[in-house]
Amino acid sequence: MDEFIEKVKPVIEKVKKEGDKALIELTEKFDGVKISRIAVTEDEIEEAYERVDDELVDALELAKENIERFHYITMPDRDIRIDFGDMIMGKRYIPVERAGLYIPGGRASYPSTVLMSAVPANLAGVDEIVACTPPDAEGKIHPLTLVAMDICGVDEIYRVGGAQAIAAMAYGTETIKRVEKIAGPGNIYVTAAKLIVSKDVSIDMPAGPSEVMILADENADAETVALECLAQLEHDPMARAFVATTSKKIASEVEKRVRDVFPGGILEIKVFEKIGDAVEFANSIAPEHLVIITENHWQVFEKVRHAGSVFLGRYSPVAAGDYASGTNHILPTGGFARMYSGVSAETFMKSMTYQEISREGLEKLSTIISKLARAEGLEWHAKSVEERLK
Ligand SMILES: NC(=O)c1ccc[n+]([C@@H]2O[C@H](COP(=O)([O-])OP(=O)(O)OC[C@H]3O[C@@H](n4cnc5c(N)ncnc54)[C@H](O)[C@@H]3O)[C@@H](O)[C@H]2O)c1
Ligand SMILES: N[C@H](CO)Cc1c[nH]c[nH+]1
Ligand SMILES: [Zn+2]
């Protein structure tokens, strides 16, 4: 990652110094197209609808419903208020005012990522949602991506991608106003840029090149395992697939099948004596996606500590979570599932605690406060309590 951080630093600095001019030059350099305007117009959105099949719009709407359902149910209570008798205390969740979504668009287009970021941002109650995505060779944005942005109520859309888009959302330019939160996945350059700007703006987490690990015992079928590997490797030459299995047969069949399609893909297959050892390996990698196809997969799942999202059993492919079941597909990669979670409505909120203490409540606390404050050498802290009680 350090190598990419060094590569991307000058891009961030250029955008900080030169604003829109830098965005136009860098888009020409990295996306090979000279754009004449950065913001997408209403006319372009209307034109996008004309270019997209109604069936595709229906599919987007259905996926959106499932994503909304799951994200709504799993949202934290907006105001957790507890009455302890002599004090009322609480934790209140407040949305950020302005969020920036990064929608990848280099090798493939990602309308599904619009749903995965804009739906939770809307549920959180963000006031202004802006999205950046790279333009194609004609300076246009993929029509289904635009339609998805429109359906999800994205307020501002910009045709700019890569590290330059991240810098623009973090620091602002003449056209793009800075945001408080940047969320969304991307390639290694985008991820490096997010890490750099995270000292100045909140980011969701490092969500870089896709990864999958499949835990498989003799009950799994090699073709299913191989397809899970192929489905992540097709995202990016830097995507990674791991197979941890107790079956030598599965190991060799998967290796052959995957190598036939992606001879240079990043694939690691390990054979273990016991499935428990395979789970330990999975925890050490902390993969973005973990697929478990074993006997008693719920029992195996109990031992899983680090993974972005887990897919259990024969009929739970990662692609279900990528598009339609309702869980989020913006997930930590590169071992970051050890300490970060995927995107949710909470990503776009912050919380504040509050309290109202009665005189009796403060009397009960005052001795503790005075003692601890004086032990820290903070006399005025102690006095600020004692004086109120006089
Ligand atoms: N972890 C997740 O949640 C998740 C979800 C979806 C997709 N992804 C990942 O998102 C990525 C999408 O990548 P993509 O490339 O298709 O689109 P992208 O939008 O992430 O990246 C394209 C941009 O990269 C920049 N770029 C390309 N080459 C560069 C270079 N040499 N130097 C500097 N900048 C350069 C360009 O500005 C271009 O606009 C894949 O790695 C995929 O696996 C991850
Ligand atoms: N598998 C990706 C996350 O790594 C998400 C995605 C979007 N479209 C298809 N797949
Ligand atoms: Zn995918």
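User: How many helices and strands does the chain have?
Analyst: This is a predicted model, in which local features need pLDDT of at least 70, side-chain atom pairs count only at pLDDT 80 or more, and totals for chains, interfaces and linings use all residues. Residues are numbered from 1 along each chain as its sequence is written, while chains are lettered from A and ligands numbered from 1 in the order in which they are written. Helices (H or I, at least four residues) and strands (E, at least two) are DSSP runs, numbered from the N terminus. On that basis the chain has 15 helices and 13 strands.

User: What share of the residues of the chain counts as buried?
Analyst: A residue is buried if 20 or more other C-beta atoms, placed from the backbone, lie within 10 Å of its own, exposed if 12 or fewer, and partly exposed in between. Of the chain's 390 residues, the share that counts as buried is 44%.

User: Where does UniProt place the feature "active site"?
Analyst: UniProt positions are given in the numbering used here, feature names are shortened, and annotations may be inferred rather than shown by experiment. The entry is unreviewed, and its "active site" positions are Glu288 and His289.

User: Is glutamate 288 buried or exposed?
Analyst: Glutamate 288 lies in the loop between helix H11 (275–285) and strand S11 (289–293). Because glutamate 288 has 30 C-beta neighbours inside 10 Å, it counts as buried.

User: Which residues does histidine 289 touch, not counting residues up to four places away in sequence?
Analyst: Histidine 289 is placed in strand S11 and is buried, because 26 other C-beta atoms lie within 10 Å. Two residues are in contact if their C-beta atoms, placed from the backbone, lie within 7 Å. By this criterion, histidine 289 touches Glu211, Val212, Gln232, Gly308, Ser309, Phe311 and Val318.

User: Which residues come nearest to ligand 1?
Analyst: A residue is near a molecule if its C-beta atom, placed from the backbone, lies within 6 Å of it. There are 29 residues around ligand 1, and those that come nearest are Gly106, Gly161, Gly162, Pro185 and Gly186.

User: Which elements give two or more residues to the shell around ligand 1?
Analyst: The elements that contribute at this level are helices. They are helix H2 (20–31), helix H7 (162–171) and helix H8 (188–197).

User: How far apart in space are histidine 381 and proline 134?
Analyst: Histidine 381 is found in helix H15 (residues 379–386) and is partly exposed, because 15 other C-beta atoms lie within 10 Å. Histidine 381 and proline 134 are 247 residues apart in sequence, and their C-alpha to C-alpha distance is 53 Å.
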